[in-house]
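Please look over the sequence and the model shown here before reading on.

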Amino acid sequence: MKIVVSSDNHLDVNRISPAEALAFQAQYLNQIKADYYLFAGDMFNDFLKTKSYLEELNNLIAGQVFFIAGNHDMLKMLLLLS
């Protein structure tokens with residue numbers, strides 16, 4: 001069983017194209033035959049963008065994606081609620 005873990009990509013802050021990152025990650029995870037990919041927070045500074053990105057990634061890979069929302073993912077959500 002192969003489990004891959006990463007976090008803190010901050011695609012928006014690092015000005016990385018989400019479409020390019022998605023294609024690269026899907027190709028890599030399929031290439032190494034990852035059974036599970038756990039993303040441990042902060043793909044974007046927006047929970048809904050992170051959720052959408054990782055749901056799409058889950059559709060593109062043979063393995064299964066799980067994620068935990070990070071503090072930056074939740075920042076926008078918390079600001080909207082306050």
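## Aromatic pairs

Phe24 and Tyr28 both belong to helix 1, where they are 4 residues apart, about one turn of the helix; helices (H or I, at least four residues) and strands (E, at least two) are DSSP runs, numbered from the N terminus. This is a predicted model, in which local features need pLDDT of at least 70 and side-chain atom pairs count only at pLDDT 80 or more, while totals for chains, interfaces and linings use all residues. Residues are numbered from 1 along each chain as its sequence is written, and side-chain values use heavy atoms, with hydrogens and water left out.

At 56% relative accessibility Phe24 counts as exposed, whereas Tyr28, with a relative accessible area of 42%, is partly exposed (buried means under 20% relative accessible area, exposed over 50%, and partly exposed in between, with a 1.4 Å probe and protein chains only). Phe44 and Tyr53 form an edge-to-face aromatic pair, 5.9 Å centre to centre and with 70° between the planes; rings of Phe, Tyr and Trp (its six-membered ring) pair if their centres lie within 6.5 Å, and planes under 30 degrees apart count as stacked, over 60 as edge-to-face and the rest as tilted. Phe44 is buried, with a relative accessible area of 6%, and Tyr53 counts as buried at 6% relative accessibility. The structure holds 5 aromatic pairs. In the pair of Phe24 and Tyr28, the ring centres are 6.5 Å apart and the planes lie at 10°, so this pair is stacked.

## Helix 2 and its buried face

Helix 2 covers residues 47-60, and at 1.5 Å a residue its 14 residues should span 20 Å, which agrees with the 20 Å between its end C-alpha atoms; the expected span is 1.5 Å times one less than the number of residues. Phe47, Thr50, Tyr53, Leu54 and Leu57 are the buried residues named in helix 2. Seen down the axis of helix 2, the buried residues fall within an arc of 130°, so they line one face of the helix, the arc being that of the directions from the helix axis to the C-beta atoms. On the other side of helix 2, Leu48 and Asn59 are exposed.

## The start of helix 2

Asp46 lies in the loop between strand 2 and helix 2 and is buried, with a relative accessible area of 10%. At the start of helix 2, a side-chain oxygen of Asp46 comes to within 3.0 Å of the backbone nitrogen of Leu48. When residues up to four places away in sequence are not counted, Asp46 touches His72, Asp73 and Lys76 (contact means heavy atoms within 4.5 Å).

## The nonpolar core

The largest nonpolar core has 17 residues, and those with the most contacts inside it are Leu29, Tyr37, Met43, Tyr53, Leu54 and Leu57; such a core is a set of buried Ala, Val, Leu, Ile, Met, Phe, Trp, Tyr and Cys residues joined through side-chain atoms within 4.5 Å. Helix 1 (18-31), strand 2 (36-39) and helix 2 are the elements that give two or more residues to this core, and helix 1 gives the most, with 4 residues. Leaving aside neighbours within four places in sequence, Leu29 is in contact with Val4, Ala34, Tyr37, Leu57 and Ile61.

## A buried glutamine

Gln25 is found in helix 1 and is buried, with a relative accessible area of 13%. The side chains of Gln25 and Tyr37 are joined by a polar contact of 3.0 Å; a polar contact is a pair of N or O atoms within 3.5 Å, where within protein one must be able to donate a hydrogen and the other to accept it, and residues adjacent in sequence count only if both atoms are side-chain atoms.
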